[in-house]
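Colleague: I have a structure open and would like to go through it with you. Could you take me through its main features?

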Amino acid sequence: RTQRTHFTITHFTSAAPPNVPPTNLPLPGQLTTSCNTMSSTVEVFAAMKEAVIGDGGKALQRKFKGTVTFTVGGKLYSLDLSSPSNCNVSEGDAFDGKADLAITCSEEVMGKMIRKEVQPQQAFMKGMLKIKGKMNLAMKLTAVLAATRKKLPSSKM
């Protein structure tokens with residue numbers, strides 16, 4: 001049984017730190033929510049952005065070393081872990097269609113992966129997740145989701 005939930009972003013500031021490209025995603029520490037259920041796609045990618053910036057992002061980059069575009073529910077997001085100085089998540093295709101890995105899934109499947117109801121490998125085998133590109137990076141997607149999960153408030157999963 002699937003439960004649908006919604007979130008409201010209640011606080012968002014627009015001051016961006018230097019060397020961070022503009023994006024509509026909230027910056028680390030800027031996201032607060034007013035609901036106690038599963039995170040929306042925007043919040044998941046805001047948490048992913050928070051996970052890849054700073055020392056945690058550098059450690060994740062050493063494991064991952066690549067670029068990914070996510071198409072989740074028709075919305076496009078880019079993850080750049082290609083170099084320690086470039087770790088970032090943004091809306092849209094930051095790689096002009098040349099990402100190392102392209103992932104397509106529904107918002108429901110992304111939510112299930114964040115809640116650990118299904119692993120990315122299982123979702124792929126069941127046809128819930130489409131992958132194009134470097135399979136070795138797809139196998140490391142679990143590490144990215146685990147880092148993202150840590151940045152989401154536990155009441156949001």
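This is a predicted model: local features need pLDDT of at least 70, side-chain atom pairs count only at pLDDT 80 or more; totals for chains, interfaces and linings use all residues.

Colleague: How many helices and strands does the protein chain have?
Modeller: The protein chain has six helices and seven strands. In sequence order, the pattern is β-β-α-α-β-β-β-β-α-α-β-α-α.

Colleague: And what share of the residues counts as buried?
Modeller: Of the 157 residues in the protein chain, 39% are buried.

Colleague: What share of the contacts comes from residues 24 or more positions apart?
Modeller: Among contacts with a separation of 6 or more, 62% involve residues 24 or more positions apart.

Colleague: Let us turn to the strands. How do β4 and β5 run, and how many bridges join them?
Modeller: Strand β4, residues 75-81, and strand β5, residues 88-91, run antiparallel and are joined by four bridges. A hairpin of six residues connects β4 to β5.

Colleague: Which residue in β5 is the bridge partner of Leu 79?
Modeller: The partner of Leu 79 is Val 89.

Colleague: How far does α1 reach from its first C-alpha to its last?
Modeller: Helix α1, residues 41-52, reaches 17 Å, close to the 16 Å expected at 1.5 Å a residue. Gly 54 follows α1 and has a positive phi, near 90 degrees.

Colleague: Which residues form the nonpolar patch on the surface?
Modeller: The patch consists of Phe 124, Met 125 and Met 135, with about 320 Å² of accessible area together. Phe 124 belongs to helix α4, residues 120-125.

Colleague: Does Phe 124 count as buried, partly exposed or exposed, and why?
Modeller: Phe 124 counts as partly exposed because its relative accessibility is 31%.

Colleague: Where does Val 118 lie?
Modeller: Val 118 is in the loop between α3, residues 107-114, and α4. With a relative accessible area of 5%, Val 118 is buried.

Colleague: What does Val 118 touch?
Modeller: Leaving aside residues up to four places away in sequence, Val 118 touches Lys 112, Met 113 and Ala 123. Its C-alpha atom is separated by 9.9 Å from that of Met 128, which is ten residues away along the chain.

Key:
Residues are numbered from 1 along each chain as its sequence is written. Side-chain values use heavy atoms; hydrogens and water are left out. Two strands pair if DSSP finds at least two bridges between them. Helices (H or I, at least four residues) and strands (E, at least two) are DSSP runs, numbered from the N terminus. Buried means under 20% relative accessible area, exposed over 50%, partly exposed in between (1.4 Å probe, protein chains only). Contact means heavy atoms within 4.5 Å. The expected span of a helix is 1.5 Å times one less than its number of residues. Patches are made of residues with over 30% relative accessible area and no salt bridge: like charges are joined within 9 Å, nonpolar side chains (Val, Leu, Ile, Met, Phe, Trp, Tyr) within 5 Å. Accessible areas come from the Shrake-Rupley method with a 1.4 Å probe; for residues, only the protein chains shown count as cover. A salt bridge is a side-chain nitrogen of Lys or Arg within 4 Å of a carboxyl oxygen of Asp or Glu.
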